[in-house]
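I opened my notebook to look up a few things in this structure.

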Amino acid sequence: MDDQTAEHFDAVVVGAGFSGLYMLHRLRALGLRTLVLEAADDVGGTWWWNRYPGARCDIESFDYSYSFDPELEQDWSWSERYATQPEILAYVDHVADRFDLRRDISFRTRLTTATWRSEVDRWSLTTDTARSIDTRFLIMAVGCLSRANRPELDGLDEFRGRILHTGEWPHEGVDVSGLRVGVIGTGSSGIQSIPLLAEQAASLTVFQRTPAFTLPAMNAPLDTATIEAFKARYREHREAVKHSHGGVLTSPSEESVFAVEEAERERRFEAAWRSGTLFGLLSSFSDLMIDPAANEIAAQFVRDRIAEIVHDPATAEALSPRTFPIGTKRLCLDTGYYATFNRPNVSLVDLRRDPIERVTTTGIRTSAREIELDLLVFATGFDAMTGALLAPTITGRDGRTLRDAWAAGPRTYLGIATAGFPNLFTITGPGSPSVLTNMLVSIEQHVDWTADCIGELERTGATRIEATVEAQDGWVDHVNEVAGFTLYPTGNSWYLGANIEGKPRVFMPYIAGVEIFRAICDEVAAGGYRGFDISGTAGVEVG
Ligand code: NA7
């Protein structure tokens with residue numbers, strides 16, 4: 001690489017979603033010359049892309065927001081308990097304006113390669129816009145669910161109707177009125193969009209491979225009194241959340257489900273069902289995510305609700321998950337999902353009984369029937385947690401690529417660093433709590449830790465930090481060991497990479513939770529960055 005032609009930065013951040021924006025804010029405050037690369041036209045990350053009807057957060061708005069600036073949280077008011085995608089995007093927009101972030105973001109620019117140069121302790125980057133960039137630090141803030149998974153179905157190219165993915169929904173919106181719509185996939189995106197598509201479409205056919213467990217969101221507008229009362233104790237709340245398990249406040253029971261009478265179980269599950277939260281049901285008893293028999297009791301409670309809501313018993317049964325413990329695949333929150341299947345214009349195809357044979361010019365042929373469609377929606381999720389990190393070719397020390405280093409599954413130290421890849425930070429990377437928690441809390445924790453670390457390196461004149469193989473091996477073993485105490489690895493989930501054909505099966509998130517993880521990360525830093533090799537001196541000449 002000819003360094004003379006490259007643009008020089010202290011830090012490059014990839015991604016302008018919640019993590020990239022906060023990272024930029026922190027690095028700027030350290031006085032680092034920072035550039036953000038963003039593939040989209042504007043800020044927002046996942047909330048810029050996922051514009052399908054019904055897209056909404058399933059963490060409460062008060063919690064799904066930045067905590068780093070007390071004035072920001074006082075100035076902004078959410079309108080609903082669970083914010084819609086447009087409102088979250090408006091919030092991100094407000095943050096970008098408020099902190100004047102856009103001036104350091106290069107939009108419509110994708111990182112294509114990153115190559116470590118040991119001789120100068122710097123990364124050389126190239127982009128799809130032919131930019132050549134040289135930087136000391138590379139921070140991947142690419143999100144955990146940002147690389148769309150589009151299954152390859154026979155005949156897809158021949159389909160004459162329109163094909164969309166929920167994660168790449170057109171910005172101008174899509175009028176589905178009068179259309180025959182098919183949706184493949186029943187994870188959160190399918191479950192949120194199906195009720196709204198059903199209201200407009202002439203007909204809606206849902207192609208379901210695995211039914212998901214979903215709980216009612218009980219969403220509602222927030223009134224001024226609620227907002228004011230919350231804001232009055234926002235600081236205390238944020239502090240408590242920082243030291244919570246999941247990045248939201250819950251009151252997990254310490255009692256086994258077998259320690260109480262059936263009526264008491266029902267009462268607690270019913271209260272959790274009505275609470276409209278993602279974490280309530282599985283916190284109702286201490287053993288639901290540990291003991292398969294305990295878990296089955298909670299699972300059956302939800303199946304009983306499905307049977308109550310859905311009129312046709314065969315459809316209710318097809319919608320009832322029976323192949324994995326509840327909670328081991330991502331729980332969903334919905335508004336009217338199960339009741340949608342009572343509509344005359346909605347039908348369910350259970351792909352386990354009636355698989356897709358091929359896409360035709362006019363629709364989908366399954367083993368049993370031909371379904372004519374005008375619009376085919378893929379709600380088929382993402383190459384989660386590693387997909388976007390492995391999309392560019394990142395070549396570390398000794399010429400080894402990250403794809404090679406992670407060929408048998410991702411290996412990191414604290415989810416943030418990978419041996420062989422100095423000065424590379426992966427925000428909410430595999431091996432950190434990330435997707436099992438409120439992402440905003442985990443993002444702020446990882447960004448703060450990274451910024452403090454870089455600040456310390458700058459202060460001491462060090463030019464290079466790299467996780468040791470020993471520390472990484474120890475961390476990977478620990479993450480697996482903790483997961484092994486729970487039922488989580490037994491579900492065929494995207495947490496494990498099981499939704500992508502050929503992807504190595506490794507349980508990727510760290511289950512122990514935000515509080516424990518924060519304490520470990522803080523101890524590592526306080527111990528002089530234990531498990532990292534730090535070297536170099538200030539003033540290394542570049543080029
Ligand atoms: P998810 O949760 O990964 O859901 C994807 C759905 O698509 C799920 O039901 C999959 O079934 C289904 N799928 C995937 N590939 C296929 C093929 N080839 N054929 C049929 N069905 C398929 O993604 P979402 O976008 O809904 O949600 C992602 C996260 O965003 C969510 O968890 C929240 O954190 C927010 P499977 O279960 O794999 O059998």
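**Entry 1: strand β4 and its partners**

I began with strand β4, residues 111–117, which is joined to strand β5, residues 122–127, by 6 bridges. The two strands run antiparallel. I noted that the model I am reading is a predicted one.

Which residue of β5 is the bridge partner of Thr113? I found Thr126 there. Next I looked at the link between the strands. β4 and β5 form a hairpin, with 4 residues between them. Asp121 sits in that turn and has a positive phi of about 55°.

I then checked β4 for another partner. Strand β17, residues 393–395, pairs with β4 over 3 bridges, in the parallel sense. In that pairing Ala114 is opposite Ile394 of β17.

I stayed in β5 for one more residue, Ser124. Is Ser124 buried or exposed? Ser124 counts as buried, because its relative accessibility is 3%, and the cut-off for buried is under 20%. Its side chain makes a polar contact of 2.8 Å with the side chain of Arg117.

**Entry 2: a second hairpin**

I moved on to strands β13, residues 356–359, and β14, residues 363–366. They pair in the antiparallel sense over 3 bridges. Ile356 faces Thr366 of β14 across the pairing. I counted the link as well: a hairpin joins β13 to β14 through 3 residues.

**Entry 3: the ligand**

Which residues come nearest to the ligand? I listed Thr186, Ser189, Arg209, Thr210 and Lys329, out of 19 residues around the ligand. By class, I noted 7 nonpolar, 9 polar and 3 charged residues in this shell.

I then looked up distances to oxygen atoms of the ligand. A polar backbone atom of Thr186 is 2.9 Å from a ligand oxygen. For Arg209, an N or O atom of the side chain lies 2.8 Å from an oxygen of the ligand. Arg330 has a polar side-chain atom at 3.2 Å from a ligand oxygen. How much of the ligand's accessible area does the protein cover? On its own the ligand has 780 Å² of accessible area, and the protein covers 85% of that.

**Entry 4: the cysteines**

I recalled that a disulfide is a covalent bond between the sulfur atoms of two cysteines. How many disulfides does the structure hold? I found 0.

The cut-off is 2.5 Å between the sulfur atoms. Cys144 counts as buried, at 7% relative accessibility.

Cys521 is in no disulfide either. Its nearest cysteine sulfur belongs to Cys453, 11 Å away. Cys521 is also buried, with a relative accessibility of 1%.

**Entry 5: buried residues elsewhere**

Ser432 is in the loop between β18 and α14. Its relative accessible area is 1%, so I marked Ser432 as buried. A polar atom of its side chain lies 2.7 Å from the backbone oxygen of Gly429.

Val524 belongs to helix α16, residues 514–526. Val524 is buried, with 1% relative accessible area. I compared sequence with space here. Val524 and Leu414 are 110 residues apart in sequence, but their C-alpha atoms are 9.7 Å apart.

Leu282 is in the loop between α8 and α9. I marked Leu282 as buried too, because its relative accessible area is 15%, under the 20% cut-off. Leu282 and Gly190 are 92 residues apart along the chain, and 22 Å separates their C-alpha atoms.

**Entry 6: positive phi values**

Most residues other than glycine have a negative phi.

Asp398 has a phi near 65°. Asp398 is in the loop between β17 and α13. Tyr529 has a positive phi of about 60°, and is in the loop between α16 and β20.

Which of the two is buried, and which is exposed? Asp398 counts as exposed, at 69% relative accessibility. Tyr529 is buried, at 9% relative accessible area.

How values were computed
Residues are numbered from 1 along each chain as its sequence is written. This is a predicted model: local features need pLDDT of at least 70, side-chain atom pairs count only at pLDDT 80 or more; totals for chains, interfaces and linings use all residues. Side-chain values use heavy atoms; hydrogens and water are left out. Two strands pair if DSSP finds at least two bridges between them. A residue is near a molecule or strand if one of its heavy atoms lies within 4 Å of it. A polar contact is a pair of N or O atoms within 3.5 Å; within protein, one must be able to donate a hydrogen and the other to accept it, and residues adjacent in sequence count only if both atoms are side-chain atoms. Accessible areas come from the Shrake-Rupley method with a 1.4 Å probe; for residues, only the protein chains shown count as cover. Ala, Val, Leu, Ile, Met, Phe, Trp, Tyr, Cys and Pro count as nonpolar, Asp, Glu, Lys and Arg as charged, and the others, Gly among them, as polar. Buried means under 20% relative accessible area, exposed over 50%, partly exposed in between (1.4 Å probe, protein chains only).
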